Amino acid sequence: MLDSRWFKAAGVAVALTLASATAAYAAPVPDPAAESSAAVVTLRYDDSRAGGWEAAIAAGVASWNANVGNVKLVEAAPGTRAEIQIVATSGWPQATLGPVRPGGQARVELGSQAVTEGHDKTRIAAHELGHSLGLPDTKPGPCSQLMSGSSAGTSCTNAVPNAAERARVESAYAGGLASRVPADGRILVDAP
């Protein structure tokens, strides 16, 4: 005859086995696609030769960082290589059309001629950074399109990419890598 302690011990063992099996079955399986889409590409910029534009650059960078999730712009530490070189010039703003990749090279020229004509410095900085991230101009265009640039007029101060612009950058940097398509490399000049 079996002792009641045996039944009690067997019942506990069965309950523990069932609980373990249920927990193992219920545990979520990691989704590699979700993990890779959450990867963030970090691009460094050097604005040490963009005197007078520091506040506009910081605001333009903050706009992109707040509006796209898989690419982040960070200021390069002194003496380190930066993917995006930002300089101040006396001409019209212009930039290399990306998307720039980690280890790649793009140039942004923040031209004072546009400011002299009344265009907003922060919008200019955010717009030119958009080129480095792979966005072409959308001229003519409304103020709600960051990449409409100077065609939106001097009263436009919008420095925030719209949904389509954000989606295009997110797509270019999907999976933690910049687009497999090489950067265009053309220089886009934002003169009217």
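## The largest cavity

Fourteen residues, written here as 14 residues, line the largest cavity, and those nearest its centre are His119, Arg123, Ile124, Gly149 and Ser150. A cavity here is a set of points, on a 1 Å grid over the protein atoms alone, where a 1.4 Å probe fits but cannot get out, and lining residues have an atom within 4 Å of a point. The cavity has a volume of about 120 Å³, where volume means the space filled by probe spheres set on the points, with grid points joined across faces, edges and corners. A search of the whole structure finds 1 cavity of 30 Å³ or more.

Which helix gives the most to this lining? That is H5, with 4 residues. By residue class, the lining holds 5 nonpolar, 5 polar and 4 charged residues. For these classes, Ala, Val, Leu, Ile, Met, Phe, Trp, Tyr, Cys and Pro are nonpolar, Asp, Glu, Lys and Arg are charged, and the others, Gly among them, are polar.

## The model and its overall layout

A word on the model itself: it is predicted, with local features needing pLDDT of at least 70 and side-chain atom pairs counting only at pLDDT 80 or more, while totals for chains, interfaces and linings use all residues. Residues are numbered from 1 along each chain as its sequence is written, and side-chain values use heavy atoms, leaving out hydrogens and water.

The protein has 6 helices and 6 strands, and from the N terminus on they run α-α-β-α-β-β-β-β-α-α-α-β. These elements are DSSP runs numbered from the N terminus, with helices being H or I of at least four residues and strands being E of at least two. Of the 192 residues, 37% count as buried. Buried means under 20% relative accessible area, exposed means over 50%, and partly exposed lies in between, using a 1.4 Å probe and protein chains only.

Now to H6, where Glu165, Val169 and Ala172 are buried. They sit on the same side of H6 because they cover an arc of only 60 degrees around the axis, the arc being that of the directions from the helix axis to the C-beta atoms. The face turned away from this buried side carries the exposed residues Ala164 and Ser171.

Ala164 counts as exposed because its relative accessible area is 57%. Its C-alpha atom is separated by 8.8 Å from that of Gln145, 19 residues apart along the chain.

## A buried serine and an exposed glycine

Gly79 belongs to the loop between strand E2 (71-75) and strand E3 (84-89). With 87% relative accessibility, Gly79 counts as exposed. From its C-alpha atom to that of Asp46, 33 residues apart along the chain, the separation is 9.7 Å.

## Cis prolines and ring contacts

Most peptide bonds are trans. Here, the bond from Gly98 to Pro99 is cis, with omega near 20 degrees, and Pro99 is found in the loop between strand E4 (94-96) and strand E5 (106-111). The bond from Lys139 to Pro140 is also cis, with omega near -10 degrees; Pro140 has its place in the loop between helix H5 (121-132) and helix H6 (163-172).

Lys121 lies over the face of Trp53, at 4.9 Å from the ring centre. A charge sits over a ring if NZ of Lys or CZ of Arg is within 6 Å of the ring centre and within 35 degrees of the ring normal.

Notes. 1 Å grid on protein atoms, 1.4 Å probe; cavity = no way out; pocket = protein on both sides within 12 Å on 5 of 7 lines; lining within 4 Å.
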